[in-house]
Amino acid sequence: MSKEQISRSKEQTTRSTEQATRSKDQQSYQEQIERPGLFLAILPIAITIGLLGIQLFYFGDFTPHTPLAIGIVFACAIAWLRGYRWNHMEQGLFHVIKVATSAIVIMLIIGMIIGIWIASGTVPMMIYYGFQVLTPQTFLAAAMILCAVISVSLGTSWTTTATVGLALMGVGEGFGIPMYWTAGAVVSGAFFGDKMSPLSDTTNLAPAVTGTNLFAHIRNMLPTTFPAMCIALVVYLFVGFNIIDAQQVDIAKIEALSTALNDHFEFNWLVLTPAVVVFGLALMKMPAIPSLMASVLFSMLIAVVVQGVSVHDALTFLQNGFSVETGNATADALLNRGGIQSMSWIITLVLIALALGGVLEQTRCLETIVLSIMSRVRTIFGLQLASTMTAAGTNLVAGDPYLSIALPGRMFSQAYRGMGYSTLCLSRSVEEGGTLISPLIPWNAGGAFVIHALGLGIAAGHTENLLYIVCAVACWASPLLGIIYAAFGKFCPKATEEEKRQWAEQGELILEPINEERPLGKPAVQY
């Protein structure tokens, strides 16, 4: 080894030692700062929600970016007064963004997929033949079932929403069905699959943070998920046969839309290849990012070979979205979308929301709120209600579905063990408050994605389409059923002897029931 290499090695070793020392010093410094009181923990959240309310309801402008950014400023200012310094807050702020990098990359690829799937004719073909096989009365129910089947197969609600869901929005538009009803059916089906698929990242995350088995977790969700889907199915059939009047469907509008699609695109089996590629790779359990990129490449090939698109136009569609003038205003509104640039609104929103959640977690505000809730819990009903609402509340505040599962999953597991209940109850609770509530919060990563991918146009002033939150029946019915079951002590299994033995072997912590002898804040004991 040369002198220069030896010198460089020593410098790297010195830098690594200094970084490790700084990391330890920062951790030690942070541990010296006490948790905030409940008022200070809630204050930055209350200010942020107040600003969001003013922006949305007073000014009628759904652009939550600035209120969330101001919320970060208040959260940091309060943390500074408590003793935190910027380098400590910065760690939490950028940590959650780093963790969410994969999701952000997927958003960018989804933007490309939307533009190039339209250019290749994949989405137009789905819309065209959707008019042939679906009826207005059964459309909503069929849309939910189709999205559910595809989402279970793929293990991802986002891909299902942005591809099949987008095509179904076009069919619903042709039938004259309000966008919020179609979006509600798509979201119900797509996020049902995300919740129940063993391929889903959130379905794997929930049992991982609560220490349960994946397939036991999925089985334990059936008592709430299956009835919720049945309720949603009944609602959509009722709406289809009683509210949507098939006699008033504008047949001429559907025929004009179908003609516009048929005139501007070539339809054959090759056009569906991009969808087959995504489904096939997902079933082979290939990672999401390479699977989606493979579909992008196949779509480009189909667009060039089958649809006659130039290579330069195909690349432009990936960047700026598809663009065409068919002479039919409805067709143009459905088709002119997608591209990397179209995702800038949602990505910036997600980054800001995640940054706020990261600061609140790093400065222990979320911890204070969760512990305050746990101090008031005495029964399994209270525990189920608290864990579900904490997951939903984390979705509301932090904007991150993963944090909404991980945070209460880590903190409530000790309490479930202390009461002698299986942590399967907790894994179901945080999955329902996390995965299913995520798409119902507009500034959450899930909600922002749904609004943009389905073209609901909330930012453009179509705030009536926020009714999709109410129309996504399965998403709110499932956690509601879970809470009702807990109130009657149903489907809340006690810990088995085998589970208790595993706790002992793994050295899991338990939180003894709160009482006068063990007030909140005393350490949990090892099982």
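## Labels and their grounds

Modeller: Among the contacts in the chain between residues at least 6 apart in sequence, 78% join residues at least 24 apart. The model is a predicted one, and its chain has 25 helices and two strands. Buried residues make up 54% of the 527 residues, while the chain exposes about 22800 Å², of which carbon and sulfur atoms supply 63%.

Biologist: Why is the pair K195 and E432 called a salt bridge?

Modeller: The label requires a side-chain nitrogen of Lys or Arg within 4 Å of a carboxyl oxygen of Asp or Glu.

Biologist: How do you know whether K195 and E432 are buried or exposed?

Modeller: Buried means under 20% relative accessible area. K195 has 1% relative accessibility and therefore counts as buried, and E432, at 2%, counts as buried too.

Biologist: What can be said of R501 and E498 under the salt bridge rule?

Modeller: Their side chains meet in a salt bridge at 2.4 Å, N to O. R501 and E498 are three residues apart in helix α25 (residues 497-506), so about one helical turn separates them. An α-helix has 3.6 residues a turn, so residues three or four places apart point the same way.

Biologist: Why are R501 and E498 called partly exposed?

Modeller: Partly exposed lies between the buried limit of 20% and the exposed limit of 50%. R501 has a relative accessible area of 37%, so it is partly exposed, and E498, with 39%, is placed in that class as well.

Biologist: What makes the phi of R364 worth a remark?

Modeller: Most residues other than glycine have a negative phi. The phi of R364 is near 70 degrees, a positive value in a residue other than glycine. R364 is found in the loop between α17 (344-362) and α18 (365-374), and it counts as partly exposed because its relative accessibility is 22%.

Biologist: What is the phi of F491, and where is this residue found?

Modeller: F491 is not a glycine, yet it has a positive phi of about 55 degrees. Its place is in the loop between α24 (473-487) and α25, and with a relative accessible area of 45% it is partly exposed.

Biologist: Why is G338 called buried?

Modeller: The relative accessible area of G338 is 8%, so it falls under the 20% limit and is buried. G338 sits in the loop between α16 (329-335) and α17. Leaving aside neighbours within four places in sequence, G338 is in contact with G111, I114, G115, N320 and G321.

Biologist: How do you know that S188 is buried, and which residues does it touch?

Modeller: S188, in helix α9, has a relative accessible area of 1%, so it is buried. Not counting residues up to four places away in sequence, S188 touches M144, M229, Y236, C471, A472, V473, A474 and C475.

Biologist: What makes helix α22 (residues 445-453) mostly covered?

Modeller: Eight of its nine residues are buried, among them F449, V450 and I451. The buried residues of α22 pack against α5 (101-120), α8, α9, α17, α20 (401-419) and α23 (468-471).

Biologist: What is the volume of the second largest pocket, and which residues are closest to its centre?

Modeller: The volume is about 280 Å³. Of the 18 residues that line this pocket, M126, L146, V164, A167 and L168 are the closest to its centre. The elements that give two or more residues to the lining are α6 (122-133), α7 (139-154), α8 (157-175) and α13 (273-283), and α6 gives the most, with five residues.

Biologist: How is the lining of the second largest pocket divided by class?

Modeller: The lining has 17 nonpolar residues, one polar residue and no charged residues.

Technical notes. Residues numbered from 1 in each chain as written. Predicted model: local features only at pLDDT ≥ 70, side-chain atom pairs only at ≥ 80, totals over all residues. Heavy atoms only, no water. 1 Å grid on protein atoms, 1.4 Å probe; cavity = no way out; pocket = protein on both sides within 12 Å on 5 of 7 lines; lining within 4 Å. Points joined across faces, edges and corners; volume = space filled by probe spheres on them. Helix = DSSP H or I, 4+ residues; strand = E, 2+ residues; numbered from the N terminus. Nonpolar A, V, L, I, M, F, W, Y, C, P; charged D, E, K, R; others polar. Buried < 20%, exposed > 50% of the residue type's maximum accessible area, 1.4 Å probe, protein only. Contact = heavy atoms within 4.5 Å. Areas by Shrake-Rupley, 256 points an atom, 1.4 Å probe, with all protein chains shown as cover.
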